[in-house]
Amino acid sequence: MLIKNVRILGGEPVDIAVVNGLIAEIRPAGSAGTRHDGDDTAEAGLPEVVEGRGAIALPGLVDLHTHLREPGREDAETVQTGTQSAARGGYTAVHAMANTMPVADTAGVVEQVWRLGQEFGHCDVQPVGAVTVGLEGKQLAELGAMADSAARVRVFSDDGRCVDDAVLMRRALEYVKAFDGVVAQHAQEPKLTKDAQMNEGVISGRLGLSGWPAVAEEAIIARDCLLAAHVGSRLHVCHVSTAGSVEIIRWAKSKGWNVTAEVTPHHLLLTDELVEESPNGSYNPIYKVNPPLRTRADVEALRSALADGTIDVVATDHAPHPVEDKETEWGPAAAMGMVGLETALSVVQEAMVDTGLLDWAGVAERMSAAPARIGRLPGHGRPLEVGAPANIVLYDPTARAEVDPSSFASKSRNTPYEGMTLPGRVLATFLRGRPTVLEGKLA
């Protein structure tokens, strides 16, 4: 394959030759290339040509935090539809969270999810193992067996619930050291968030909704940073949402502790003001998410932390739900979560690139290289250079379009961006040289 006239990380136009799933050559756009063994056409001897038309080429994106719902909630998403959605968003690998039914707390379940990913092939699926049996926070799951399974699990999380028992969290951190694993914590002190519905503040008081205080997140992060330092293990903090959390993580990193963190696209763009007043009306559960949307000051702190590297990764927390779980009253009946795979790159452009906080090299680091490094996926996150796997996304940052959830590949439509105009468009995605998306459509 020859990918013509693209700009790697926004640089000068080049052509990229791909042979046997690897980048074989990168040369100035339009120049004569090297003939490769097995070439059989006049165009650089390569059997297929993709016109890049000046698009930006990035390493295939890697998501550390995706809910694929299978097994158990195939009404919301499946591995097939979720990975199609990922490919449409420019992803070549996703980490599938463990809160399925049954929970991914055994070697058998994580292997099932991994094999489904292998079968459908729209992107690589790396299962995340549960920290505790049934996500119940009482007994460690089969961490070693999952690590030794065909899925080679290296990330463990009870996401959706917090491992709030300090002794159990310490044991998990100690255990995963044996195979270079990482515990990804959902930081939410359960007693401080009982019946909580949205960010605790002026707006929650005015709306009469139970508040979700920032300290409920910050207290767990502080505790777990200290535990990780104490045992010398790797800690990853899921979906950071407050300015206070940023300062705690910054402090932990200044100590040299092995702590990483992620932020979601929606926490980089949206605020709790939308619960009160938005184009979709007030009390709209489309904005109900865990952790909740926070204040404008929190959003600014998160953007700055992502820009300066305090926060390592943008992770989608893609959380699909069937329509009946969202189109209901705000209260306990409405599910928490938003889909995000197909809009993530556009939201990051809007919040970080178009504001001058990140360049495209910074986007590649935070959406490809860093998540692959944290998740221990050596075949992903590599720079686009000769000899590297041809995991590539072509992206047009000049496009602008209104978000239409009916066009999503995901089974679910619970996006907070419906009707919003966002920048950018994924033109093509390649997984080891094989196109999974071309001209914005599944290949």
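**Exercise 1.** In this predicted model, find which strand gives the most to the lining of the second largest pocket.

*Solution.* Start with the pocket itself: the second largest pocket has a volume of about 460 Å³. Its lining consists of 20 residues, and R88, E342, A401, G424 and R425 are the closest to its centre. Next, look for elements that give two or more residues to this lining: helix 12, strand 15 (392–402) and strand 16 (421–431). Strand 15 gives the most, with five residues. Finally, sort the lining by class: eight residues are nonpolar, five polar and seven charged.

**Exercise 2.** Describe how helix 12 and helix 13 are placed relative to each other.

*Solution.* Two packed helices are described by the angle between their axes and the distance between the axes. Helix 12 spans residues 344–353 and helix 13 spans residues 360–374. Their axes come within 11 Å and cross at roughly 130°. Helix 12 is therefore oblique to helix 13. The crossing of helix 12 past helix 13 is right-handed. For the contact, list the residues: A344, L345, V348, Q349 and V353 of helix 12 meet W360, V363 and M367 of helix 13. By class, this contact has seven nonpolar residues, one polar residue and no charged ones.

**Exercise 3.** State the volume of the largest pocket and describe its lining.

*Solution.* The largest pocket holds about 960 Å³ of space. It is lined by 39 residues. Nearest its centre lie N99, G160, R161, N290 and M336. By class, the lining of the largest pocket divides into 16 nonpolar, twelve polar and eleven charged residues.

How values were computed:
Residues numbered from 1 in each chain as written. Predicted model: local features only at pLDDT ≥ 70, side-chain atom pairs only at ≥ 80, totals over all residues. Heavy atoms only, no water. Axes fitted to C-alpha atoms, helices over the stretch in contact; angles between N-to-C directions. Helix = DSSP H or I, 4+ residues; strand = E, 2+ residues; numbered from the N terminus. Parallel < 35°, antiparallel > 145°, perpendicular 65-115°, else oblique. Left-handed = near helix turned anticlockwise from the far one by under 90°. Contact = heavy atoms within 4.5 Å. Nonpolar A, V, L, I, M, F, W, Y, C, P; charged D, E, K, R; others polar. 1 Å grid on protein atoms, 1.4 Å probe; cavity = no way out; pocket = protein on both sides within 12 Å on 5 of 7 lines; lining within 4 Å. Points joined across faces, edges and corners; volume = space filled by probe spheres on them.
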